[in-house]
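Here is a friendly briefing to read beside your structure.

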Amino acid sequence: MTTVVKIGGARAVDPEGALADVASLVEDGEDVVLTHGGSTAVDETLEDLGEEPTYVETPGGVVGRFTDEDTMDVFKMVMPGKLNTDLVESLQNLEVNAVGLSGT
């Protein structure tokens with residue numbers, strides 16, 4: 001059986017506890033697939049590039065990001081580049097033989 005763990009990308013999320021839990025599961029013989037968000041890192045990178053993230057709200061009150069071509073380029077940079085690499089490095093430091101993959 002494989003356990004799937006999602007680490008969110010919101011500003012309040014600190015992945016260290018979840019990564020320690022993943023390491024514990026792996027040590028116990030579990031197969032683990034880790035997926036991650038990255039909204040905060042994308043927003044921070046946009047701001048570093050002098051861009052403001054754009055959010056829209058539906059008539060029903062649901063808020064979501066407006067992702068134009070430039071924002072999509074930042075997603076493609078940040079998610080597999082910075083975030084995925086940092087998570088794999090952290091897991092390797094916890095002695096988990098982790099490999100990072102991208103859906104592209």
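## Cores and helix packing

Val5, Ile7, Leu19, Val22, Ala23, Leu87, Val88, Leu91, Val96 and Ala98 form the largest nonpolar core, with 10 residues in all. A nonpolar core here is a set of buried Ala, Val, Leu, Ile, Met, Phe, Trp, Tyr and Cys residues joined through side-chain atoms within 4.5 Å, and buried means under 20% relative accessible area (1.4 Å probe, protein chains only). The model is predicted, so local features need pLDDT of at least 70 and side-chain atom pairs count only at pLDDT 80 or more, while totals for chains, interfaces and linings use all residues. Residues are numbered from 1 along each chain as its sequence is written, and side-chain values use heavy atoms, with hydrogens and water left out.

- A second, separate core has 8 residues, including Ala41, Leu46, Met79 and Leu83.
- Not counting residues up to four places away in sequence, Leu19 touches Ile7, Leu34, Leu87, Ser90, Leu91 and Leu94 (contact means heavy atoms within 4.5 Å).

**H1 against H3**
- H1 and H3 pack at about 50°, their axes 10 Å apart; axes are lines fitted to C-alpha atoms, for helices over the stretch in contact, and angles run from 0 to 180 degrees between N-to-C directions.
- That angle makes H1 oblique to H3 (under 35 degrees counts as roughly parallel, over 145 as roughly antiparallel, 65 to 115 as roughly perpendicular and the rest as oblique).
- From H1, Glu16, Leu19 and Val22 meet Leu87, Ser90 and Leu91 in H3.
- The residues of this contact divide into 4 nonpolar, 1 polar and 1 charged; Ala, Val, Leu, Ile, Met, Phe, Trp, Tyr, Cys and Pro count as nonpolar, Asp, Glu, Lys and Arg as charged, and the others, Gly among them, as polar.

**H2 against H3**
- The axes of H2 (residues 39-48) and H3 (residues 69-93) come within 9 Å and cross at roughly 120°.
- That makes H2 oblique to H3.
- Ala41, Val42, Thr45 and Leu46 in H2 meet Thr71, Val74, Phe75, Met77, Val78 and Leu83 in H3.
- In the contact of H2 with H3, 8 residues are nonpolar, 2 are polar and none is charged.

**The whole chain**
- The chain has 3 helices and 4 strands, in the sequence pattern β-α-β-α-β-β-α.
- Buried residues make up 28% of its 104 residues.

Definitions and conventions
Helices (H or I, at least four residues) and strands (E, at least two) are DSSP runs, numbered from the N terminus. Buried means under 20% relative accessible area, exposed over 50%, partly exposed in between (1.4 Å probe, protein chains only).
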